[in-house]
Amino acid sequence: MTNTDLFTTGRIGTLELPNRLVMAPLTRNRAEADGTPSELMAIQYAQRATAGLIIAEGTTPNPVGQTYPNIPGIHTDSHIAGWRRVTDAVRARGGRMFLQLQHGGRVGHPDNSGLIPVAPSAIALPEPIHTPSGPQPAVTPRALSLAEIQDTIADYATAARNAVAAGFEGVEIHSANGHLPHQFLAGNTNRRTDAYGGSIDNRIRLTLEVVDAAIAAIGADRVGIRIAPGVTVNGIAEDDTDELYAALVAALAERDPAYLHLVFADPENPLYHRIRQLWPTALIANPNLGWGVPLPADGGRAAAEALLAAGADLVSLGRSFLANPDLVERLKIGAPLNPLRDEPLMYVGGPEGYIDYPTLDTATISGPAAVHALSSTAA
Ligand SMILES: Cc1cc2nc3c(=O)[nH]c(=O)nc-3n(C[C@H](O)[C@H](O)[C@H](O)COP(=O)(O)O)c2cc1C
């Protein structure tokens with residue numbers, strides 16, 4: 001019988017999870033300017049350690065892959081040491097983490113990375129991009145050469161090894177939401193005429209080779225993949241979503257990775273069921289709770305249970321975890337949820353709107369007081 005209880009144990013690879021609620025990756029721009037994870041980040045994640053699994057925010061595998069300002073990296077010793085502080089703090093509170101590896105491709109800017117962004121083809125993001133001096137028009141990226149593609153894949157493998165060295169249980173390859181691997185998948189961003197463009201087999205090649213390299217580096221049990229079929233963020237337009245993802249998921253399934261993470265999973269869509277049938281290991285589904293509208297009062301619990309009923313093994317929630325450090329406990333007892341605060345607070349530095357969302361058993365504390373109070377317990 002299908003188990004729709006979010007509060008029973010789950011499993012990813014060899015990792016046992018105390019519940020089936022996953023904290024979705026959430027970019028919060030709180031790293032140091034050089035990409036080193038900050039003390040605030042350790043506090044923020046440690047506060048959310050009761051999640052069945054935390055998937056840490058999109059993190060850059062190499063310098064040119066950086067998207068926005070203050071995005072964490074995982075390609076220097078300082079990055080590894082900073083993430084180690086985060087994973088230690090989460091583990092001390094009984095939690096476990098995967099790290100999302102995010103190469104932005106054309107979603108990047110010289111003002112952020114110091115480099116011209118790279119992409120499958122020289123086609124600019126059709127929207128402005130956030131930089132330290134505010135939104136700037138996107139620049140046209142350079143098309144990656146075949147040799148650079150191999151170097152990029154090798155950078156993912158190194159980043160995966162670095163993540164394990166930093167204490168993560170594994171990595172999630174971000175092939176969703178219009179970042180580099182997704183740019184290879186979609187026909188409107190990939191105009192290549194070599195082995196990485198054109199046919200579906202060619203367009204899925206980069207994602208598969210990145211996954212293969214990560215598996216070779218750290219093992220299949222430690223590698224998950226995030227995909228977003230049909231999602232149009234960051235200027236993506238797929239014209240063959242069903243065939244594209246059926247082929248990608250079938251090929252990924254042969255590699256037996258730890259999990260597949262599906263963005264905006266919709267149990268009403270036949271593609272969802274096709275993917276579930278094709279997928280041999282854990283399926284993490286991220287429900288579509290709607291953008292630009294208030295979160296449902298139940299924080300997504302009903303949508304999460306509907307996805308478990310439709311065969312998902314685990315459910316990820318983003319904004320509900322952002323606003324509720326103790327989301328698992330609140331959902332379990334049906335307690336009211338904190339409202340989500342202003343969107344600008346999501347992507348600016350500092351503690352406000354980041355580590356000052358109250359739990360049920362603490363009064364609201366904010367600003368430097370919160371840093372002081374929580375750093376003593378998170379370390
Ligand atoms: C502030 C914010 C940052 C996000 N950052 C990432 C990210 O780094 N990587 C990613 O794959 N998705 C990212 N997302 C998407 C979320 O993981 C999730 O798919 C989305 O918020 C929908 O889930 P929700 O309705 O439960 O919030 C972000 C979303 C928000 C609101």
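Student: How far does a polar side-chain atom of Thr 27 lie from an oxygen atom of the ligand?

Tutor: This is a predicted model, in which local features need pLDDT of at least 70 and side-chain atom pairs count only at pLDDT 80 or more, while totals for chains, interfaces and linings use all residues. Residues are numbered from 1 along each chain as its sequence is written, and side-chain values use heavy atoms, with hydrogens and water left out.

The distance from the polar side-chain atom of Thr 27 to an oxygen atom of the ligand is 2.6 Å. A polar backbone atom of Pro 25 lies 2.8 Å from an oxygen atom of the ligand, and an N or O atom in the side chain of Asn 177 is 3.5 Å from a ligand nitrogen atom; a polar contact here is a pair of N or O atoms within 3.5 Å. On its own the ligand has 600 Å² of accessible area (Shrake-Rupley method, 1.4 Å probe), and the protein covers 95% of this.

The ligand is surrounded by 19 residues (a heavy atom within 4 Å), and Thr 27, Gln 100, Arg 226, Asn 286 and Arg 319 are the closest. This shell divides into 9 nonpolar, 8 polar and 2 charged residues, where Asp, Glu, Lys and Arg count as charged and Gly as polar.

The ligand sits in the largest pocket, which is to say that more than half of its atoms lie within 2 Å of the pocket's grid points. A pocket is an open set of points on a 1 Å grid over the protein atoms alone, where a 1.4 Å probe fits, with protein on both sides within 12 Å along at least five of seven lines; lining residues have an atom within 4 Å of a point. The largest pocket holds about 1,200 Å³ of space, taken as the volume filled by probe spheres set on the points. Its lining has 38 residues, and Thr 27, Tyr 68, Asn 177, Trp 291 and Tyr 347 are the closest to the centre.

Technical notes. Polar contact = N/O pair within 3.5 Å; in protein donor to acceptor, adjacent residues only side chain to side chain.
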